[in-house]
Amino acid sequence: KAEEHTACANQDVVNKLQELRELHKAKLSKEDTWKVYTYDKAIRALRSYPTRIRCYEEALAIPGIGDKTAQKITEILQTGDLRRIGYEKTEDIEAINMFQGIYGVGRQTAYKWYANGCRTLDDVRARKGGIKLSTCQEIGLKYYADINSRMPRSEAADIYNLIRPIALQIDSKLSVEIMGSYRRGKPDCGDVDILITRPTGDGKTHQGVLRKLLGELHRREIITEDLSLPDTFDDLELVYRGLCRRDLSSPRRRIDFLTVPYESRGAALLYYTGDDIFNRSLRLKANKMGYSLNQRGLYQGIVRNPSNKLEKLNEGTIIASETEEEILRILGVPWQEPHERIR
Ligand code: DCP
Ligand code: MG
Ligand code: MN
């Protein structure tokens with residue numbers, strides 16, 4: 001039972017609102033940020049709404065949907081279209097969205113390139129306006145089409161099944177798992193997310209494994225480009241991003257690795273399974289209860305600087321991290337199978 005198979009009675013409405021959301025997402029004003037938030041909330045509400053919406057009043061009665069969104073929903077229901085999309089879809093926004101499809105290009109860079117006169121990917125290739133690209137961005141541009149297409153689930157499985165035995169050859173006690181949209185059962189995946197950890201017992205850790213594994217995957221031409229390597233391979237928690245391919249005739253695919261100490265396995269499973277919206281709501285719930293949740297664990301008693309919430313004045317103590325069940329139980333969230341963890 002995968003995400004896409006969960007029938008949504010108002011899928012066409014969701015699609016149009018999603019399209020409008022993406023257009024606002026590309027803009028910079030506070031108002032646009034607020035609109036993205038509003039549409040996210042409405043889309044979430046619509047996804048779990050069981051029946052076809054009949055009229056404006058019915059839409060307005062759904063928690064999370066306000067007057068203006070209800071009007072838009074009515075327009076989509078009546079005309080099959082949303083005029084607002086046309087108004088928002090200006091040439092600059094389309095170009096900026098396209099530039100942001102280049103790996104490593106954020107909104108600021110996309111705007112800068114537009115201001116420098118770039119309108120197409122060819123303009124970017126020609127470095128129009130004297131723009132400069134980082135190594136990552138060059139790779140992102142070169143494999144633009146590959147990176148921006150999703151792979152069938154079976155291809156993600158093939159890539160994982162190539163990598164797992166190679167990792168186990170390095171250390172047979174490793175736990176190597178495929179996460180992200182694959183674990184949620186999606187029929188297509190944007191990338192391959194792999195979690196590596198090692199049950200303790202003989203005193204050894206997975207330290208050093210990622211470096212060896214990446215070396216081996218490069219040698220076998222499974223990994224073709226690195227996008228971001230850890231600063232040092234000495235830590236137990238490492239993040240890697242790169243490109244890989246199943247075989248020489250396959251497109252390049254994005255691949256991510258995360259390694260964590262075994263005590264953090266539950267928190268890492270929870271984090272890396274997602275989806276990102278589910279994670280955000282869990283973190284919010286944790287914060288409201290006075291806890292703090294990240295990929296390492298659930299913490300209690302973290303004191304933050306009131307004028308800079310990002311600064312921790314105290315590390316707090318870890319109260320759960322080994323299993324997903326334990327973390328969800330403490331948060332008072334009923335158990336949800338991976339395929340149910342969707343926005
Ligand atoms: N994640 C998160 N917040 C982010 C990015 C990621 O919580 N900003 C977590 C939840 C994601 C998981 O990491 O499910 C993997 O990230 P991906 O970007 O690979 O997303 P998915 O695998 O869910 O989807 P896709 O098929 O697009 O890769
Ligand atoms: Mg993924
Ligand atoms: Mn990923």
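Colleague: Where does R127 lie?

Modeller: R127 lies in the loop between helix 8 (121-125) and helix 9. Helices here are DSSP runs of H or I with at least four residues, strands are runs of E with at least two, and both are numbered from the N terminus. The model is predicted: local features need pLDDT of at least 70, side-chain atom pairs count only at pLDDT 80 or more, and totals for chains, interfaces and linings use all residues. Residues are numbered from 1 along each chain as its sequence is written, while chains are lettered from A and ligands numbered from 1 in the order in which they are written.

Colleague: Why does R127 count as partly exposed?

Modeller: A residue is buried if 20 or more other C-beta atoms, placed from the backbone, lie within 10 Å of its own, exposed if 12 or fewer do, and partly exposed in between. R127 has 13 C-beta neighbours inside 10 Å, so it counts as partly exposed.

Colleague: What is noted about the phi of R127?

Modeller: The phi of R127 is near 55°, a positive value in a residue other than glycine. Most residues other than glycine have a negative phi, and most peptide bonds are trans.

Colleague: How do you know whether E221 is buried or exposed?

Modeller: E221 has 11 C-beta neighbours inside 10 Å and therefore counts as exposed. The residue sits in the loop between helix 13 (209-219) and strand 5 (223-228). E221 is not a glycine, yet its phi is positive, about 60°.

Colleague: What makes G140 a buried residue?

Modeller: G140 has 21 other C-beta atoms within 10 Å, so it is buried. G140 belongs to helix 9 (residues 135-142). Leaving aside neighbours within four places in sequence, its contacts are I102, Y103, G104, V105 and I147; two residues are in contact if their C-beta atoms, placed from the backbone, lie within 7 Å.

Colleague: Why is T259 called buried?

Modeller: Because T259 has 26 other C-beta atoms within 10 Å, it is buried. T259 is part of strand 7. Residues up to four places away in sequence apart, T259 touches I196, T197, H206, L210, L236, E237 and L238.

Colleague: Why is helix 14 said to be largely enclosed by the rest of the structure?

Modeller: Nine of its nine residues are buried, so helix 14 is largely enclosed. The cover over these residues includes helix 12, strand 4, strand 7 (253-259), helix 15, strand 9 (297-300) and helix 16.

Colleague: At what angle do helix 14 and helix 16 pack?

Modeller: Two packed helices are described by the angle between their axes and the distance between the axes. Helix 14 (residues 265-273) and helix 16 (residues 324-331) pack at about 80°, with their axes 7 Å apart. That makes helix 14 roughly perpendicular to helix 16, because angles under 35 degrees count as roughly parallel, over 145 as roughly antiparallel, 65 to 115 as roughly perpendicular and the rest as oblique. The axes are lines fitted to C-alpha atoms, for helices over the stretch in contact, and angles run from 0 to 180 degrees between N-to-C directions. In this contact, helix 14 supplies G266, A267, L269 and L270, and helix 16 supplies E324, E326 and I327.

Colleague: What follows helix 14?

Modeller: Just after helix 14, G274 takes a positive phi of about 65°. A cis peptide bond, with omega about 5°, joins G274 and D275. D275 lies in the loop between helix 14 and helix 15.

Colleague: Which residues surround ligand 1?

Modeller: G180, S181, C189, G190, D191, D193, Y271, Y272, G274, D275, D276 and N279 surround ligand 1; a residue is near a molecule or strand if its C-beta atom, placed from the backbone, lies within 6 Å of it. Two or more of these residues come from each of helix 12 (180-183), strand 4 (191-197), helix 14 and helix 15 (276-288).

Colleague: How do you know that the protein chain is as compact as a globular protein of its length?

Modeller: The protein chain has 16 helices and 12 strands. Its radius of gyration is 22 Å, close to the 20 Å that the globule rule gives for 343 residues, so the chain is as compact as a globular protein of that length. The radius is taken over C-alpha atoms, and the rule is 2.2 Å times the number of residues to the power 0.38.
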